[in-house]
Every structure is written in structure tokens, then in C-alpha cells.
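Dear colleague,

I am handing over the structure we spoke about, and my notes on it follow. Please read them alongside the sequence and the coordinates.

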Amino acid sequence: MRTVFAGDSINFSYDTKKPVLNGLSLSIGDKQIYGLLGPNGAGKSTLTKVMLGLDKPQSGKLQWFNEIPNRSTNKRVGYVPQDLALIYDLSAYENVLFFGKLYGLKGERLKKQVRYALEFVGLWDERKQKPKKFSGGMKRRLNIACGIVHNPDVIIFDEPTVGVDPQSRNRILEGIIELNQIGTTIIYISHYMEEIEKVCSHVGIMDKGELLVEGTLNEVISQHTDQAVIKLELQKRASAYTTQLEKYQVISTEGNLVELGVLKNDVGVISSIKEDFGDDIKSFQYIAPNLEQVFFKLTKKNLRD
Ligand SMILES: Nc1ncnc2c1ncn2[C@@H]1O[C@H](COP(=O)(O)OP(=O)(O)OP(=O)(O)O)[C@@H](O)[C@H]1O
């Protein structure tokens with residue numbers, strides 16, 4: 001695997017008291033869709049700024065494409081920021097043109113790339129309109145067009161689906177997969193666990209400025225949790241089953257709903273539940289170990305805490 005980005009023992013703090021990146025090391029390989037997850041304040045945006053060269057770490061090494069970052073590596077990296085970076089008095093076309101010029105594109109190549117980027121996000125027909133008239137989802141898509149106009153080898157997406165309608169969200173996710181299929185490496189920062197599970201090949205979980213784990217999605221899930229969940233809907237309120245529930249690991253109860261923690265692939269426990277609750281089971285759902293459980297186990301936090 002060729003390494004696209006390598007960070008080694010990066011330390012960064014805004015002021016001397018509190019380290020925000022704490023000896024963080026991470027490695028992103030060519031053509032991966034690498035999901036970066038962490039609770040609020042974990043340091044994801046700060047790491048992104050350090051990766052983009054906007055903030056300089058106090059110590060540690062970082063390399064893009066096996067080189068110390070320089071003008072030519074900078075041109076190979078695209079960034080779609082969380083905050084919309086659009087110029088509202090210009091048309092959609094002029095916005096993308098502006099970013100294309102910033103990245104050094106000129107002449108016919110510039111025009112071709114602007115068209116490619118607008119078509120890619122499905123906004124070619126709206127190119128003459130000003131983004132102030134766009135919906136939230138359309139603005140996000142235009143933001144993406146501005147970030148991909150120079151055909152970068154790597155694109156960092158920071159929370160690209162926040163506040164968008166389901167249709168635009170699907171379009172953005174499909175677009176990300178498509179970009180990856182044509183060979184682009186994607187770094188994907190998101191709060192939505194199900195999006196990460198849907199699109200990412202690799203995942204890194206960080207907290208308090210440190211990378212807690214990284215690997216393929218399957219490795220991270222299988223190596224860090226054995227815990228599956230069984231959701232039961234019972235005939236009566238959970239309090240009516242206190243004796244039966246005593247022998248299980250109860251995660252939560254609400255009305256007649258009960259969540260039990262069980263070891264994955266434990267067939268015995270399933271038969272035992274069926275025996276203990278019998279016909280009182282209205283519905284039964286087995287939830288295999290997932291990223292959310294790993295995240296909770298490692299950070300002791302829910303993603304939105
Ligand atoms: N410009 C700044 N000056 C001082 N402290 C900052 C600055 N930007 C961020 N911080 C602090 O650095 C820490 C990490 O913030 P950062 O925004 O990198 O986290 P994050 O993981 O991106 O969080 P979120 O998911 O909420 O966007 C936080 O404690 C934050 O308060």
C-alpha cells in the first residue's frame with residue numbers, strides 16, 4: 001500500500017497549557033476512504049488544519065505522498081470545509097471558476113474542469129444562479145464542486161452532509177464513492193456513524209488529541225468489541241420481568257422495550273432468552289457488533305456528547 005498521508009508524533013497546542021494534538025500518529029493509504037471519528041473537541045478540525053499546513057505543529061513529522069509538504073503536494077490535496085466557503089454575489093459557475101483559478105488552472109483546462117465539477121455535483125443546469133437562492137443541500141454540493149475542481153488526488157471532507165435533505169445527502173455519499181472509484185483518496189470526517197459504516201474502507205477513532213485505533217472498518221469492529229445487542233419488545237412493561245432479567249446484562253429498559261448486551265455469536269443466550277420470555281416476546285432483534293459500540297467502548301462517550 002502506498003501511503004498518501006503520514007503523521008508521526010504530532011504535538012499541537014493553541015496555548016501552552018493544553019495540548020490539542022497529543023503525540024498523534026496516523027497513516028492514510030492510497031485510494032482509501034478513511035473515516036475520522038471523534039467526540040466534540042477531540043481535535044479533528046485541528047488535525048485537519050495541521051494536515052493542510054494552516055497550523056504548524058510544535059513537534060512531530062508529517063508527509064504527503066512521502067514528501068515534506070510543499071507547493072506541488074498542496075495542489076494534490078482538496079479540502080471541502082464544514083463551513084460553506086462560497087461567494088454569494090457570484091453565480092455557481094463563477095464560484096467554481098474562482099476556486100479553479102486559485103488552484104492554478106487556466107484556459108481550456110479551467111473551463112473543462114469547472115464543467116466537470118458542476119456536472120459531478122448535479123448543478124450544471126443551475127450554473128447561472130447565485131448560491132443565495134440555493135437550498136442547504138445545493139450550497140453544500142456547490143461547496144464540494146469548489147473543492148474538487150482541480151482534480152486532487154486526495155480530498156478531505158469535513159462533515160459534508162450536516163444540515164442537508166436526504167436526497168442531497170445520498171447524492172453527496174454516492175459522489176464520494178464515485179470519486180473514490182476513479183482513484184481519489186478520501187478523508188471523511190463525520191458525526192454520522194451510519195455514513196462512516198456505509199462509505200468508509202478504513203476508520204480512525206480519536207479522542208483528546210490521540211488516535212485510539214485505526215484499521216479497516218472490519219478490523220476495528222471485530223478487534224474491539226465482542227458485544228452484540230438484543231432488542232426485545234415484550235408484552236408487559238420491563239418491570240414485570242425483574243426475575244428473568246436478573247441473569248442478563250441489561251443495557252436499557254423503556255416501557256416494554258429491553259436492550260440486552262450479549263456476546264456475539266452466543267447461540268446459547270438466544271435460546272435462553274426464548275425460553276425465559278416465551279410467548280411474551282412481541283419482537284426480537286439481534287444487532288451485530290458495530291462501530292457505535294466500538295466508539296462507545298473506547299471513548300466512553302456517545303458521538304454527539
Ligand atoms: N482557535 C482556537 N484557539 C484555542 N483553542 C481552540 C481553537 N480551536 C479549537 N480549540 C480547542 O481545541 C480543542 C479541539 O478542537 P477541534 O475543533 O479541533 O475539535 P473537533 O474534534 O473538530 O470538534 P468538533 O467535533 O466539535 O468540531 C477544543 O478543546 C477546542 O476548544
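Strand E1 (residues 3-12) and E4 pair in the antiparallel sense over 5 bridges, where two strands count as paired if DSSP finds at least two bridges between them. One of the pairs joins Asp 8 to Lys 61, its bridge partner in E4. Please bear in mind that this is a predicted model, in which local features need pLDDT of at least 70, side-chain atom pairs count only at pLDDT 80 or more, and totals for chains, interfaces and linings use all residues. Residues are numbered from 1 along each chain as its sequence is written. Helices (H or I, at least four residues) and strands (E, at least two) are DSSP runs, numbered from the N terminus.

The open sheet to which this pair belongs has 3 strands in the order E2-E1-E4, with antiparallel pairing. Strand E2 (21-29) and strand E4 (59-64) stand at the edges with a single partner strand each, so one side of each is left without a neighbour in the sheet.

Turning to the helices, the axes of H5 (residues 136-148) and H6 (residues 166-181) come within 9 Å and cross at roughly 20°; axes are lines fitted to C-alpha atoms, for helices over the stretch in contact, and angles run from 0 to 180 degrees between N-to-C directions. That makes H5 roughly parallel to H6 (angles under 35 degrees count as roughly parallel, over 145 as roughly antiparallel, 65 to 115 as roughly perpendicular and the rest as oblique). Gly 137, Arg 140, Arg 141 and Ile 144 of H5 meet Gln 167, Ser 168, Arg 171, Ile 172 and Gly 175 of H6, contact meaning C-beta atoms, placed from the backbone, within 7 Å.

In H11 (residues 291-299), Leu 291, Gln 293, Val 294 and Phe 295 are buried (20 or more other C-beta atoms within 10 Å of the residue's own; 12 or fewer is exposed, and in between is partly exposed). These buried residues pack against strand E3 (33-37), helix H7 (193-199), strand E8 (202-207), helix H8 (217-224) and strand E10 (227-234). The axes of H8 and H11 lie 9 Å apart at an angle of about 60°, and the two helices are therefore oblique to each other. Their contact is made by Val 220, Ile 221 and His 224 of H8 with Leu 291, Val 294, Lys 297 and Leu 298 of H11. Just after H11, Lys 300 takes a positive phi of about 60°.

Notes:
Contact = placed C-beta atoms within 7 Å.
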